[in-house]
Amino acid sequence: MESDEGDEQQQEAERLPLSQRPEWSDVTPIPQDDGPNPVVPIAYKPEFSETMSYFRAVYYSDERSSRSFQLTKEAICLNPGNYTVWHFRRQIIETLHTDLQDELAFVGRIAKSNSKNYQHHRRWVAEKLGTGAVNKELQFTKKMLSLDAKNYHAWSYRQWVLQALGGWEDELDYCQILLGEDIFNNSAWNQRYFVVTRSPLLGGLIAMRDSEVNFTIEAILGNPENESPWRYLRGLYKDDTESWINDPRISSVCLKVLSTKSNYVFALSTLLDLICHGFRPSEEFREAINALNTPDSGPLDSDLGRAICRVLECVDPLRCNYWLWRKSKLPLTVSSQ
Amino acid sequence: MEPATENEWDRLSSSSSDGEEQAASDGSSSQFNRQQHVAFLMMMYESLPHHYQYQEINRITLAHFAISGLCLLGALDRVDKDAVSDWVLSLKAHPSNKADLTNGEFYGFHGSPSSQLHPDDNGVLMHNGSNLASTYCALAILKAVGYNFANIDSKSILTSMRNLQQHDGSFMPIHFGAEKDLRFVYCAAAICFLLEDWSGMDRERAKAYILNCQSYDGGFGLTPGSESHGGGTYCAVASLRLMGFIEDNVLSKNMSSSIIDLPLLLSWCLQRQAADGGFQGRANKPSDTCYAFWIGSVLRMLGGYNLIDKEALRGFLLTCQSQYGGFGKCPGDLPDLYHSFYGYTAFSLLEEPGLNPLCAELGMTEFSALGI
């Protein structure tokens, strides 16, 4: 019953109005009742109005037939955001037991041109197919992400597939590949965190932490201006600040970046956060900050935290008010070593 | 009001809220063009071009943008308020009897007449397409036009709303299932707040769900585990504020007692202001007009709005302003209703003269929220 690739485009070009199709001659379409004073009326195109009027007719009479099924396809192609159409289509599928694999293919085609509204329907079909669908669903989201590696809906669907149906085996590798293609892809970093913390096949965050820290530091050194790995690094120590300030690699990467004297904003803010949580910086840090020679630095503040804030006010001017505020919140301590 | 030709509509109006980039003349100027924006909204209010048919099921959302937008611009005198409230009320789903309220369905407002079929011969509403998002928009519009809320059947809304809350605290928007995420938790919280009655939801469970959505980087994703996102962060913080779990101006108080990681959230929000002055919705993504509201509001709600660079933001927003009125998603884009509304809210947060003050938690003017 279901059609092949490209059928939807063909339909658009050759569409015969429903009123002229013999198989629909017994149906009275139900026009939209906009009432006497409609607000924000839409100037619908005729084919849209007509399709929806016929849809309303079969929806109202709850006619779960193959012609209704075909009509939901036309309505979805015109208006994939209409969840009542998707819902009725599901009801028809349950009644007629139409092919679920064909359905996945159909949703896949809709998803390509409209990346937002297919999720719930796809999830429903996949649930019916069970764990057998896992490879297909991972493939599907992979395809969507190859079109847009940051597609929020595709990522959230992929996370659902992993948690509901499994398939974790290659996920860390997949994140690795995406990060290799674009180290700035924050969605891929987020997925990495998701896998590291939730995969039943890995040891959990603490077991994975060491290797993840090393990976992240490499990424930082490659592009210190990239916010994502800095956030990820902090995230690896979520709820464990003590370990975070005591891991010498953290402060060390800050120092390394500072020494290059370029792209050091995140290095500075991370150092500031470390200090605020009790990290006691050695003299090398002070020297590295001195060496930045930022304009308007004047004599460097004896309190390293304050000194860092002053530099940030200068080099991250968009957030100048924030750095001033951070400075005002610093505990009044004696100067650090 | 009829367009001269179909082509003129195509030229003047936008595509869907995804904001297709087209070769548009640079609409930027050094000023917020209030007059042009009012004209744009009135044009949309009177008739939306056919591109909007894709958002047909959520027409009430488009109505909210137009009407609440006019309210923000202080131009609501141009609409027939009674006609508006009549239209909104006509979209209410009515239970045929009391027992219906626990049958699993939600009896709120529909998004448009298209999904609203009349009850059958026995008066039973067989096809109930009413949902949380439309209900929030309906109430927002009714507030804007000053409708007396005592006349709303709150009980049917609140009692049946409980059917939509899930075990983990999240909400479905509609009884026959759909995505469950923070957007609908927000709608539920806003509805309870506007109806001044929290019996519609279990606040503690909702709070637990929200906390699970805070990402490792301080922002909130739309679901637990998903990437932190401006819209998700707004829904999380606004919901917690409305439910009373975050106090006023919390940044000036004891941050460590907060139920969320406040310093990390603050850092994440402020980092969303990009070099072009605009706000991005996620790290390493382009700036977009609407995040000036989503993220800006979070900062306002926490008491940290003054920490941003307002001049830089204003400069960015003006490059997204269309010479025909309205705002597009990115600089030079044609305007659409969604980005226009959020552009106006953003300018209200910036305290632009001529705009009414905004209630960040509710996404409407302070006056509407207070019932003035």
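Select B:Phe293 to begin: this residue is buried, with a relative accessible area of 1% (buried means under 20%, exposed over 50% and partly exposed in between, using a 1.4 Å probe and protein chains only). The model is predicted, so local features need pLDDT of at least 70 and side-chain atom pairs pLDDT 80 or more, while totals for chains, interfaces and linings use all residues. Residues are numbered from 1 along each chain as its sequence is written, chains are lettered from A and ligands numbered from 1 in the order in which they are written, and side-chain values use heavy atoms, without hydrogens and water.

Next, select B:Tyr234, which is also buried, at 1%. Ring pairs link B:Tyr234 and B:Phe293 into a cluster whose members include B:Phe65, B:Trp294 and B:Tyr342. Rings of Phe, Tyr and Trp (its six-membered ring) pair if their centres lie within 6.5 Å; planes under 30 degrees apart count as stacked, over 60 as edge-to-face and the rest as tilted.

Over all chains, the structure holds 37 aromatic pairs. For one of them, select A:Trp24 and A:Tyr54: the pair is edge-to-face, with 5.7 Å centre to centre and 80 degrees between the planes. A:Trp24 lies in the loop between helix 1 (7-14) and helix 2 (46-60) of chain A and A:Tyr54 in helix 2, so the pair ties together parts 30 residues apart in sequence. Helices (H or I, at least four residues) and strands (E, at least two) are DSSP runs, numbered from the N terminus. A:Trp24 is buried at 3%, and A:Tyr54 is buried at 6%.
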